[in-house]
Amino acid sequence: MKTNKTPYEIRSDLLHLAYSIVKGRIEAEAAQNPVVDDNGTCSIAITKSPTVEEIVAEAQKLNSFVSQPER
């Protein structure tokens, strides 16, 4: 079943997807440098959050792909 989304719904979906992508990158970077405490427990320290600028830039990349005419 095909649903028609408004441009606002599409933008919202793209922003959510962009947030997930940027957050995933940050988590992957943090996983490259795990922290081991005195008990030998390994953990991942995420010290940064996605910025609005990063999310919007990623959403713009996604939008340019989605906006391309079908080939």
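L15 sits in helix 1, a helix here being a DSSP run of H or I with at least four residues, numbered from the N terminus. The model is predicted, so local features need pLDDT of at least 70 and side-chain atom pairs pLDDT 80 or more, while totals for chains, interfaces and linings use all residues. Residues are numbered from 1 along each chain as its sequence is written, and side-chain values use heavy atoms, without hydrogens or water.

L15 has 40% relative accessibility and therefore counts as partly exposed; buried means under 20% relative accessible area, exposed over 50%, partly exposed in between (1.4 Å probe, protein chains only). With V52 and V56, L15 forms a nonpolar surface patch of about 250 Å² accessible area together.

Helix 1 also has a buried set: L14, A18, V22, I26 and A30. Helix 2 is among the elements that cover them, contact meaning heavy atoms within 4.5 Å. At 1.5 Å a residue, the 25 residues of helix 1 should span 36 Å, and its end C-alpha atoms are 36 Å apart, which agrees. The expected span is 1.5 Å times one less than the number of residues.

Helix 2 covers residues 52-67; its 16 residues should span 22 Å, and its end C-alpha atoms are 22 Å apart, so the two agree. Its buried residues are I55, E58, A59 and L62. They cover an arc of only 100 degrees around the axis, which puts them on the same side of helix 2. These buried residues pack against helix 1 (7-31). The face turned away from the buried side carries exposed E53, Q60 and S67.

Note on methods:
Helix = DSSP H or I, 4+ residues; strand = E, 2+ residues; numbered from the N terminus. Arc of directions from axis to C-beta. Patch = residues over 30% accessible without salt bridge, like charges linked within 9 Å, V, L, I, M, F, W, Y side chains within 5 Å. Areas by Shrake-Rupley, 256 points an atom, 1.4 Å probe, with all protein chains shown as cover. Salt bridge = Lys/Arg side-chain N within 4 Å of Asp/Glu carboxyl O.
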